[in-house]
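Open the model in your viewer and get your selection tool ready. We'll go stop by stop, and at each one you'll hear what to pick and what is there.

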Amino acid sequence: MEVLIINCNEERVLSLKNVTIHFDGKQVLDGINLDVYQGQIIGYIGPNGAGKSTTLKIILGLVDGYDGEVEIFGRNIAAGNHTYKRKIGYVAENAEIYDNLTACEYLTFIGELYGIDRVLAEDKALKLMRAFEMDDVFHTRISSFSKGMRQKVLIISSLLHDPDLIFLDEPLSGLDANSVMIIKDILEQLASRGKTIFYSSHIMDVVEKISNRIVLLIDGKIAADGTFEELREQSKQGSLEGIFNQLTGFDEHQHTAEKFVDIVMDGEEK
Ligand SMILES: Nc1ncnc2c1ncn2[C@@H]1O[C@H](COP(=O)(O)OP(=O)(O)OP(=O)(O)O)[C@@H](O)[C@H]1O
């Protein structure tokens, strides 16, 4: 499949060169080459198991044993200098959160990990909670929060230290429609103020709306890379969902659904 080249005069903040990884003898990433520039909102999409989270974890230094090179802010992350991590924010797909802490305790703790003074971290955390209309639960244990409330705490914790490069793995998980609109606008505002966002999600209409560049990963390889308009032009599909279905060669949804329901109701497929 054709891969579009993006020309951009902005600073290159992230570069992957021929990144490859195997797990238990299975190739999960197969030569990923990707340059990401300041101010871009990259929608990183692909079918389940394509290798999106693995890519993020390699970039964040959470997974070793890969081949190739990852440069962040011009430095190879394997060189051992971890100061770049202070300029990175990350919302993990299935993030562990210290449930027994209150939002105040958790956010202040995370702020301190990033080197923010305790009083300043608490003050900023409270203001961000207030912006999400959650200041009334600032001193409540996170264990009592709903899924969406926890997700908002995670989003706040990833942004508290004002990072320049932000990685989000399914950040909208559990958020209601109004909250999705707020997060969408926050991401657009952050990008327009020079932050770079690398965003992995299955919610195609949101990826379509907010990304200024979409990278599609299939079987550990980049299968498409371009703006939504470029991908639409190439594929002659009206929506990102249509483009996704076409490029992943998937038109079996009805058949798969029928088979599934047949088994549920009759114990076997017809
Ligand atoms: N630590 C690991 N050990 C063994 N296999 C792994 C490990 N991490 C990931 N994999 C495998 O690598 C493949 C890619 O997983 P990954 O989580 O990166 O996919 P993904 O694109 O993020 O999928 P999803 O959309 O379902 O979140 C899967 O086959 C997964 O089983």
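How do the residues of the shell around the ligand divide into nonpolar, polar and charged? They split into 3 nonpolar, 6 polar and 2 charged. For that count, Ala, Val, Leu, Ile, Met, Phe, Trp, Tyr, Cys and Pro are nonpolar, Asp, Glu, Lys and Arg are charged, and the others, Gly among them, are polar.

Before you click further, two notes. This is a predicted model, where local features need pLDDT of at least 70, side-chain atom pairs count only at pLDDT 80 or more, and totals for chains, interfaces and linings use all residues. Residues are numbered from 1 along each chain as its sequence is written.

**Stop 1: around the ligand**

Select Phe23, Asp24, Val28, Gly46, Asn48, Gly49, Ala50, Gly51, Lys52, Ser53 and Thr54: these surround the ligand. A residue is near the molecule here if its C-beta atom, placed from the backbone, lies within 6 Å of it. Helix H1, residues 52–59, gives the most to this shell, with 3 residues. Helices are DSSP runs of H or I with at least four residues, strands are runs of E with at least two, and both are numbered from the N terminus.

**Stop 2: helix H1**

Stay on H1 and colour Lys52, Thr54, Thr55, Leu56, Ile58 and Ile59, its buried residues. "Buried" means that 20 or more other C-beta atoms lie within 10 Å of a residue's own; 12 or fewer makes it exposed, anything in between partly exposed, with C-beta atoms placed from the backbone. Since 6 of the 8 residues of H1 are buried, the helix is largely enclosed by the rest of the structure. After H1 comes Gly61, with a positive phi near 75°.

**Stop 3: the open sheet**

Now show S2, S1, S4 and S5. These 4 strands make an open sheet in the order S2-S1-S4-S5, with antiparallel pairing. Two strands pair if DSSP finds at least two bridges between them. At the edges sit S2 (26–37) and S5 (75–76), each pairing on one side only.

- S1 (residues 12–23) and S2 run antiparallel and are joined by 8 bridges. Phe23 has Lys26 in S2 as its bridge partner, and Ile21 has Leu29.
- Their hairpin has 2 residues between the strands, and Asp24 there takes a positive phi near 50°.
- Thr20 stands opposite Asp67 in S4, while Ser15 has Glu71 as its bridge partner.
- S4 and S5 run antiparallel, with 2 bridges. Glu71 stands opposite Asn76 in S5.
- The hairpin of S4 and S5 has 2 residues between the strands, and Phe73 takes a positive phi near 50° in it.

**Stop 4: the nonpolar core**

Which members of the largest nonpolar core touch the most other members? Pick Ile42, Leu107, Val153, Phe167, Ile197 and Val215, out of 63 residues in that core. Such a core is a set of buried Ala, Val, Leu, Ile, Met, Phe, Trp, Tyr and Cys residues joined through C-beta atoms within 7 Å.

Centre on Ile197. Setting aside neighbours within four places in sequence, Ile197 is in contact with Ile41, Ile42, Ile166, Leu168, Leu187, Leu190 and Ala191. Contact means that the C-beta atoms of two residues, placed from the backbone, lie within 7 Å.

**Stop 5: two loops and a helix**

Most residues other than glycine have a negative phi. Asp162, though not a glycine, has a positive phi of about 55°; look for it in the loop between H4 (147–159) and S7 (165–169). Asp219 has a positive phi too, near 50°, and lies in the loop between S9 (213–218) and S10 (221–226).

Then go to Phe109 in helix H2 (residues 103–113). Phe109 counts as partly exposed, with 15 C-beta neighbours inside 10 Å.

**Last stop: zoom out**

The chain holds 9 helices and 10 strands. Its C-alpha trace spans about 60 × 50 × 40 Å along its principal axes. Buried residues make up 33% of the 270 residues.
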